[in-house]
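Please read it alongside the sequence and the coordinates.

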Amino acid sequence: MTAAIAVGLLWASWQFVSSQREANEIVALGIAKWMVQLVMPFGFLMIAIRGVWRAGPKFAHKAVAALFLLIPLALYFAPQPQGSTLLWIGIPVILASAVLGLPIFATLGGIALLLFWNAGLPVASVPVET
Amino acid sequence: MPRLDDMRKLKMFSWAGSNDELELWKANGFHPVALAATDIQMGLKTGLIDVIPTTPLYALWNQCFTLAKYMTDVKWAPLVGATVVSKAVWDKIPEGQRTQMLQAARESGQQLRSGIRDMGDKADGRHDEWVARQENGQADDRPRGRRYRRGLAQTDRGRLPHNARQDHSRRSVRRGTPPARGISRQKGRQVKLVRAFLVSEEALAVAAMSVMALLPVAELVARYTGLNGVPGSTVFVQHLTLWVAFLGAALAAASDRLLALSANTFCRLSGPRRCACSAPG
């Protein structure tokens, strides 16, 4: 679950960095802002990889954890939802996972991603806000 | 790691300042590295040491078993301890009370020893549970540890002072590979690569944190001395905060330490927890 949400946030942070790249802002000493912000997708990537890798001692555990990565992929390709059905399913699942030990960043980030996606808003600001 | 001889190839923690212990390990073919206790965690992470001789209770307390996953039962340790009373104070105590005090001290010592051993056994059990979760129960090589105990006990008796001879239950917790016979060269290379990546990741986080702390100081000094300030220091510090946060999160994910609700409080089911966390622990 952590890995799935981390991948969602990885995508969102990549969107954010891309938008910063287009703006071509400079931090100081000629260093571009987007280059400094690359640490965000890198951080989420490492969390996702480690989430899958540390899912369990057996290959089957890792494979099951990797299957969760299909959720953000499915959401990416899925059409824009018309109602809030997915929210009624997704948010309780994330909250229940939080009780079971889902990291706080994944709880907040996952809910934010779902809400943004459901409303059809760009997700680029989610990693910064959470 | 099927035999204790294999452990001799690894780097073992030894208390800094305890030269007798250091020499004793060396004399028995081990490779001790003298370190302060505060450097154990970092030493294990960076590969400075691979083995810690410690009790299960201490391994449970400081959580070092999360880094050193395998345990060998070695019931030996040069543990020196005493309650020291100055002669002047001792002489002031009436003769009858001295005898009673000595008796009480012996009884307390015996109670403590059995209590500590019980706690050690319980901690041992917790460690085994943890290892079983981590490695699917491949970490028990105690009989070899017992053989070692006899071998080492023969060599140390003549070297340590009588009061220092202790036979407390003490285990060597070692990091590294599962106890299969040897590891392939390719796997060893992979482990080295992963370790090098982890070390560089940590170094990057430490460097970012250091620069973050130094920049405001440099700015302060520059202003005080009338020089131009560091260009963009405030913005750099802001962005370094981002670096520290994300590198820290990535490192925390490597050791299952991402901030979460205390799952054990609500639920002890390992399956659903693993599904939620994507990592045991």
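## Charges over aromatic rings

In this predicted model, the side chain of A:K62 is placed over the face of A:W53, at 4.5 Å from the ring centre.

## Aromatic pairs

How many aromatic pairs does a search of the whole structure find? Over all chains, the search returns four aromatic pairs. In one of them, the ring centres of A:F44 and B:F246 are 5.1 Å apart and the planes stand at 85°, an angle over 60 degrees, so the pair counts as edge-to-face. Because A:F44 belongs to helix 3 of chain A (residues 39–53) and B:F246 to helix 9 of chain B (residues 233–254), this pair joins two chains. Both partners, A:F44 and B:F246, are buried.

Another edge-to-face pair is formed by B:W25 and B:F30, whose ring centres are 5.2 Å apart and whose planes are at 80°. B:W25 is buried, with a relative accessible area of 4%, and B:F30 is buried as well, with a value of 3%. Ring pairs also link A:F44, A:F105 and B:F246 into a cluster, so that the residues A:F44 and B:F246, which form the pair joining two chains, are both members of that cluster.

## Helix 3 of chain A

Helix 3 of chain A, which holds A:F44, also contains A:R50 and A:P41. With a relative accessibility of 10%, which is under 20%, A:R50 counts as buried. Which residues does A:R50 contact, once its neighbours within four places in sequence are left aside? The contacts of A:R50 are B:F197, B:L198, B:E201, B:A250, B:L251, B:A253 and B:A254. Of these, B:A250 is one of the residues that fall in the range 233–254 of helix 9 of chain B, the helix that also carries B:F246.

A:P41 is likewise buried, with a relative accessible area of 5%. Apart from neighbours within four places in sequence, A:P41 is in contact with A:L10, A:S13, A:W14 and A:V17. Between A:P41 and A:V7, which are 34 residues apart in sequence, the distance from C-alpha to C-alpha is 9.0 Å.

The C-alpha atoms of A:P72 and A:V7 are separated by 7.0 Å, although the two residues are 65 apart along the chain. When residues up to four places away in sequence are not counted, A:P72 touches A:A4, A:V7 and A:G8.

Is A:P72 buried or exposed? Its relative accessibility is 17%, and since this value is under 20%, A:P72 counts as buried.

## Packing of helices 6 and 7 of chain A

The axes of helix 6 (residues 85–100) and helix 7 (residues 104–119), both of chain A, come within 9 Å and cross at roughly 175°. As this angle is over 145 degrees, helix 6 of chain A and helix 7 of chain A are roughly antiparallel to each other.

On the side of helix 6 of chain A, the residues in this contact are A:L86, A:L87, A:G90, A:I91, A:I94, A:L95 and A:A98. They meet A:T107, A:G110, A:I111, A:L114, A:L115, A:W117 and A:N118 in helix 7 of chain A. Sorted by class, the contact between helix 6 of chain A and helix 7 of chain A comprises ten nonpolar residues, four polar residues and no charged residues.

Chain A has eight helices and two strands, and from the N terminus on its elements run α-β-β-α-α-α-α-α-α-α. Of the 130 residues in chain A, 46% are buried. Among contacts in chain A between residues at least 6 apart in sequence, 64% join residues at least 24 apart.

Chain B has eleven helices and five strands. Buried residues account for 36% of the 281 residues in chain B. For contacts in chain B between residues at least 6 apart in sequence, the share that joins residues at least 24 apart is 70%.

Methods:
Residues are numbered from 1 along each chain as its sequence is written. Chains are lettered from A and ligands numbered from 1 in the order in which they are written. Side-chain values use heavy atoms; hydrogens and water are left out. Rings of Phe, Tyr and Trp (its six-membered ring) pair if their centres lie within 6.5 Å; planes under 30 degrees apart count as stacked, over 60 as edge-to-face and the rest as tilted. Helices (H or I, at least four residues) and strands (E, at least two) are DSSP runs, numbered from the N terminus. Buried means under 20% relative accessible area, exposed over 50%, partly exposed in between (1.4 Å probe, protein chains only). A charge sits over a ring if NZ of Lys or CZ of Arg is within 6 Å of the ring centre and within 35 degrees of the ring normal. Axes are lines fitted to C-alpha atoms, for helices over the stretch in contact, and angles run from 0 to 180 degrees between N-to-C directions. Angles under 35 degrees count as roughly parallel, over 145 as roughly antiparallel, 65 to 115 as roughly perpendicular and the rest as oblique. Contact means heavy atoms within 4.5 Å. Ala, Val, Leu, Ile, Met, Phe, Trp, Tyr, Cys and Pro count as nonpolar, Asp, Glu, Lys and Arg as charged, and the others, Gly among them, as polar.
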